[in-house]
Amino acid sequence: MDRQAPTARDALAARIAAAADLCVQCGACLPHCPTYRLARDEAESPRGRIALARALAEGRLAPEPRLAGHIDRCLGCRACEAVCPSEVPYGALLDQTRALLAPRRPPGAAVRALRRVAASPRLAAAAAALLAAARTAGLLRLAAALEGPLPGLARLSRQAPRPGRPPRPGRHPPHGTARGRVQLFTGCIARHAQAPALHAAVAVLRRLGYEVHVPAAQRCCGALHAHGGDPAGAAALAAANLRAFAGDDPVLFLDSGCGAQLVEYGRWHPEGETLARRARELCAFLAEAAWPQPAARHEARIALHTPCTHRRVLRDPEAGRRLLARIPGLEVVPLADNAFCCGAAGEYVLTHADWAEALRAPKIEALAAAAPDAVATTNIGCRLHLAAGLAARGLAVPVLHPVEILARALAPPARTAEGGL
Ligand code: SF4
Ligand code: SF4
Ligand code: SF4
């Protein structure tokens, strides 16, 4: 049964048609589209998908599986939007089209479970503990070998940094002279999968004189819901975060995927702009901050991956490079093919594992040739996906968040299980 009231469906359809109307079908976006580059099929291109979305909205095409498949195979990387001379708001159009399709095509059990885990801090903590135990017991290796219904999950989880305890909620006082206060957005799955990076962020910020507040009531940003056809779920999570991040302090985030959602909260909640305006990406913040003393010399060669969300939504693809440039001795080289999505793309890596691997393959080959000491990236999904690809290729190259490299340069660390630099 169609759960959208006719008026809500009509309003959604009208917005899709209006956005699609802007497309003049010039094709300028096609060479920038990763799925078109892979498939060489108009239906896997932005122009093709816009035409399908419009036909769906106008009732000329039915929401049948073939059409939905073309919409689902879109990564949401927004490379097309960035180059479109007609300024088609492709990201919004994609979210709206998926919302239009959602009542006829509820997500599978695994995707529903993932979204539920993301939305519930308690479930996320339980899932992290379960994954850690399963990895220790070798069960994930077995699951990957058996190629279950979501083979990407087992492959990814095996390469994830060992899930750890995130920084405790509450206030973390600065070291030395206080320079200001910040709030820290920790993400949902990232809170556990990237716990070492979050601890590094807290340590660096405190060392630079910031009091760090980790709000206990914060929730998932809502990106999975927003891009998966569940605008009500995204709005509810935005509302929870608006309550959790009260005040005027900057809200720092490590993961560009989370940040891309936070900076667009105005799309999901009437008050969303108030939080969107305060959201700051950590690398950009640290690159501009005053440091009481310079980082120690740190000889290493870093391949820097720029996630699509950092490049196209935050629109600051150089932030990681600017931060790492402040560490003497580091050689930072952009990862080849950086302008194209690595294939992680939120749920995509789980629901379209083969496409995700094909999109990642050229980057892994480039890394095999470049042989850096580490890869740096600012998004947890990309991190897990790239780490899985490197491991599958037999390359022992750690994938880190830039703040982990900075933390090591500010205080030379003991080698970690993920590999030293
Ligand atoms: S570049 Fe813009 S106007 Fe041209 S085909 Fe792509 S979406 Fe349409
Ligand atoms: S969002 Fe990315 S994958 Fe989707 S149509 Fe645009 S360029 Fe292609
Ligand atoms: S972007 Fe992904 S990891 Fe970050 S909070 Fe949103 S759903 Fe969770």
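User: What makes Arg326 a charge over the ring of Trp291?
Analyst: The charged end of Arg326 lies 3.8 Å from the centre of the Trp291 ring. A charge sits over a ring if NZ of Lys or CZ of Arg is within 6 Å of the ring centre and within 35 degrees of the ring normal. Arg37 likewise lies over the face of Phe340, 3.6 Å from the ring centre.

User: What kind of model do these values come from?
Analyst: The model is predicted; local features need pLDDT of at least 70, and side-chain atom pairs count only at pLDDT 80 or more. Side-chain values use heavy atoms, without hydrogens and water.

User: Why is the pair of Phe185 and Phe245 called tilted?
Analyst: Rings of Phe, Tyr and Trp (its six-membered ring) pair if their centres lie within 6.5 Å; planes under 30 degrees apart are stacked, over 60 edge-to-face, and the rest tilted. The count comes to two aromatic pairs. For Phe185 and Phe245 the centres are 6.0 Å apart and the planes at 40°, so the pair is tilted.

User: How do you know whether Phe185 is buried or exposed?
Analyst: Buried means under 20% relative accessible area, exposed over 50%, partly exposed in between (1.4 Å probe, protein chains only). Phe185 has 2%, so Phe185 is buried. Phe245, also at 2%, counts as buried.

User: Which classes of residue make up the shell around ligand 1?
Analyst: The shell has eight nonpolar, three polar and one charged residues. Ala, Val, Leu, Ile, Met, Phe, Trp, Tyr, Cys and Pro count as nonpolar, Asp, Glu, Lys and Arg as charged, and the others, Gly among them, as polar.

Note on methods
Residues are numbered from 1 along each chain as its sequence is written. Chains are lettered from A and ligands numbered from 1 in the order in which they are written.
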